Amino acid sequence: MIRGAKQPLTNNLNTLQKHRDITIGRLEKFIQRGEFDDVNLNTVLWKKRSGKAVVLEVFPVPDRKRISFEEAMKGEYKPTNVGEWFGPSFSTFWFKVSIEIPADFEGHQVLFEFDSGTELMIWSTDGVPITGLTGGDNDEDRHVDYLLAENAVAGQKFELCLEMACNGRNGINNTDIPEPDMNKYWQLRMADISVRNKLAQELLMYFKLLLQLVKDTPQEWQINSDALYCGDSIMNAFRLDDDEEEHEGFEMALAEAHGIAVKFFADHQKGGRSLHQIYAIGHCHIDTAWLWPYDETKRKSGRSWARQITFMKRNPNFKFTASQAQQYEWVEQKYPTLFKDMQEFEKKGQFLPVGGTWVEMDCNLTSGESLVRQFLYGQRYFESRFGKRCTVFWLPDTFGYSSQLPQLATSAGMKYFLTQKISWNNINKFPNNTFKWAGLDNTEVLSHFPPADTYSGQCTVGEVLKNVHNHRDKAYSNKSLYLFGNGDGGGGPLYPMIERLEVLGNLEGLPATIQTAGPAEFFKDLEETSRDLVRWKGELYLEFHRGTYTSHGLVKKFNRKSEILLREVEFLSTLVLTNPHKKNSDFTYPASELNRLWKLVLVNQFHDVLPGTSLKLVYDEVMDFYRDVEASGHKLKNDALRALFDTGNLTSNSGLKQAIAVINTTSWPIDATVVELNMSELTPGVELYGSSTWRQCSKDGRALVYVNDLQSGSLQSFALGNKPSEFVPVIVQRIILPSNSSKQTDSDDFIHVTEETGFEIENKFINAKFDQHGRLVSLYDRESQHESIIPDQLGNVFKLFEDIPTGWDAWDIEVFHLQKGWDAKVGLATVEEAGPLRVILKVKHPLTKRSSLEQRIIITAADGMIEFDTKVDWHENRLCLKVEFPLNVNCDFATYETQFGYIQRPTHYNTSWDLARFEVCGHRYADLSEYGFGVALFNDCKYGYSTLGGIMRMSLLRSPKGPDGTTDMEIHNFRYALYPHKGSFLASDVVKKAYQYNEKPIVHPIMINSSLLFNTEFFRVSESNFVLDTVKVAEDPRGSNQNENVDIVLRFYESYGGRGVARVETLFNIKEARFCNILEDLEDHVTIEDNGKTLVIPFGPFKVVSVRLLAVR
């Protein structure tokens, strides 16, 4: 062919034919991998590639350890090649990489590409983390290249180190696989240097967007037809480079095709302002643990954030946000140079911390004080490292949102809230995207649910359209937020995502413009421009993942016990410092150790750990954390007790007698209770105080002591044989049940034919009757003269339900499980203890052929409560164990404790919104009351409830098999109690009783002067609905001399929904008192009366009130 010669005119065949669907199929083939990728655009994406220029050596780290760079450099490295296999799962391999640029690569931009199918971090040879890579076949995840040289020189040498983790971005396997394959291996597929064809790579990006416009916009839109025509024209212009003589023609054809794409997007730029504005922010949601352990999350954070820093260096307009202070602290400790980069780019407005909490915690199961500490520790960390606090409460992936979160977030300095998880509702669609969320106390936060319904957007046309069309509040605001970047397993945005958004940002034909902005900037603009936003009051209940209230019961128990233990340590340690009757100058408040232990508790409250939805590998580490909290916490508690009583200066036991000290850490008095004392803790050879010894021993040899008139917030001593004059013993007797009880039916109308024998236990509060299997036949409350159990039905019945959800095994319990339940097998009850202080019935139920339950049914002389101390040896497959009580109460709603208050939910299924709440979360109590009477169900570590009519059930155990096939397959010990009361819930003492059921009096043996028992009351709160929940030393104590003043934080909450003014009497000598927020910032002064002994505190419904005071030591 003679170059430049005029060619004869031919027919123009490059015209769009009228076959839309076939044409779309043609466009799809142009970029697909696999079939036809040897004749489509994929063939020309790279100009050069070489594996020979790359030399690899590898060091396998033994025993799945994750070692430091310094340790890795000391390893023994051996040559390796592409094609080798590496594993098993969660192993680590370190590579040394040597690269020499070949002559034909000179002058080109050269990339290093490494694909092991796993995650890895690239390090410099001097130990600086550079960026993270993700291998595999998924284009949405895959990022396998690192820029070596912008303008390479022949012979130029590079040395790199690689830290390869044997897991994918989302762990080992999917969530629906019961057990991860812990013996999985990955093949090294690629270790090359390459030169990209820039025009072809850009054309690929443009072409993908064109195809999305064709497939995702309505066919009648003009841009849809334009995009179809443009894509077809590009394919007609494109030619393969399969002939060296025709290479110039190929280059010209590629340039022509590229030019067609560029012209299309340039011609379709908007000339005016769009009706809708999308604010886009790069995001990297990293589950602190889930399908990988905590230690892998430390590396995921480093890999993910290092990658984003490289993009920020490349593109100053790119903005990225990440939450969870715990992950920041891990990166600071493990990758200090990376953390300095993060701080630098935060100052530039590109790397934006968000969220203000220690982790993205579960918000159903954590206590109110734990939520406070999540905010406290998170905000303190961000402020200390970045010089500012977060203003946006960011929680995109938690399984429901407590009604007290608006108040707490506002108190922590965050008036904006973001999530998207409510879009997962499986029964009702939540009606809003932008709205005001009002909490229990009516505090409002401006809330936004990104309409694309994802926190891991891929920057596609379809997601952009959804972000507009799915927005339910466009009448009130024309703004929405779009989060893009790979998440859950981290990774974050890939650079092509950033490029796609830049192309789509102002594209004519799309119903929105797109701009990059941080979360705070978005919310500020939203607040200033929105109008007449609707208001949602109360909890944001997720109609999904209801099984998380119950899965992994042992984790939930340890969380509750840890929260209680740390509260006790803080309370006792503060008393030691401030007790005016006994100054202890040698005692130091254990602030550092308390912070360490609180962080262990807080990280375990992550929203895939505490709910019970992680791998067994995770829970092995979680239990180590809890054991640390338990051992270390009890040591701190014992240290405080020793300092509080301080008997170390006694040189002789002469004149002293043995008694017990009982500490009530709650803000209510305890009328009466029975406590246990391990007699091995008594001082040998010391005479007991009082005229009599203990009046009853437990079966295992513990002394039982009757304690009465124990004041609120007090320390009192008691004789071991204490017996008040009005004492009435509890008694038990065998009875013949009335003949009409020989046939009992449960709530499902199953008939039980029983023997005519049973047990009757009574004290001065109640009369309880049980059948021979320990099931409750009758519970009569003497004060209200009311029967608690529906006639002819049985309480304390154990039910098994088939628990096979449609997916999300550990997460979900579905409504249809209620259709398929049956009574568990039963055993025979016997009397274990028979009074006068306590009666115990013991029964062992062979629930199934694999599982059994032992229960001690306990009634004391002290109150009208029946306690069920339960031990279950559980080995089932997708069954749920519940306990059932048919309560003789008529009410359309039941009352459940939530953080710092309660929430009421329907006891009927009238609407789909009512039905959706067939399983709900409650904390220490659930109550069903009518006018004049009610019954409450307490627990010490359970959270799942369901109440339909008068039938109240509590979920005890589940047995899902994924992602942890061993979930709950162990021995469980837990307690629950039934408590009838006079008056409706609002007129009852249910809050007090449930609180004290969990916060037991602390018993400590002491030696006292033979002539005097003591009573020291540290706190007295005048209003019973105003609860003193926390007593601690402030995080940043005021004053230079800690031996003179103690800076104390008292936290109260209103528990019934009322208002008033409380007088809080203290034993402290108060120098100053100020209100403060939950971050302990000082606010207005508190009125002090009675010569510095009494605080006067006004309060409103469900308000959390924090007071910071200086007490003279």
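Reader: How many salt bridges does the rule find across the interface of domain 3 and domain 4?

Author: The model is a predicted one. Domain 3 covers residues 280-537 and domain 4 covers residues 1017-1112. A salt bridge requires a side-chain nitrogen of Lys or Arg within 4 Å of a carboxyl oxygen of Asp or Glu. Across this interface, the number of salt bridges found by that rule is four.

Reader: Which residue forms a salt bridge with D1036?

Author: The cut-off for such a pair is 4 Å. In the pair that includes D1036, the closest N and O atoms are 2.7 Å apart. The partner of D1036 is R380.

Reader: Which element gives the largest share of the side of domain 3 that touches domain 4?

Author: Two elements give two or more residues to this side of domain 3, namely α9 (368-386) and α10 (405-411). The largest share is seven residues, and the element that supplies it is α9.

Reader: What area do domain 3 and domain 4 bury between them?

Author: The size of an interface is often expressed as the accessible area lost when the parts come together. Here 16 residues of domain 3 are in contact with 15 residues of domain 4. Carbon and sulfur atoms account for 52% of the buried area, and the total is about 1,400 Å².

Reader: Which three residues supply 32% of the area that domain 3 buries against domain 4?

Author: No other three residues of domain 3 supply as much of this area. One of the three is R380, the residue that also forms the salt bridge with D1036.

Key: Residues are numbered from 1 along each chain as its sequence is written. This is a predicted model: local features need pLDDT of at least 70, side-chain atom pairs count only at pLDDT 80 or more; totals for chains, interfaces and linings use all residues. Side-chain values use heavy atoms; hydrogens and water are left out. Domain bounds come from an automatic or database domain assignment. Contact means heavy atoms within 4.5 Å. Buried area is the accessible area (1.4 Å probe) that two parts lose on being put together, summed over both. Helices (H or I, at least four residues) and strands (E, at least two) are DSSP runs, numbered from the N terminus.
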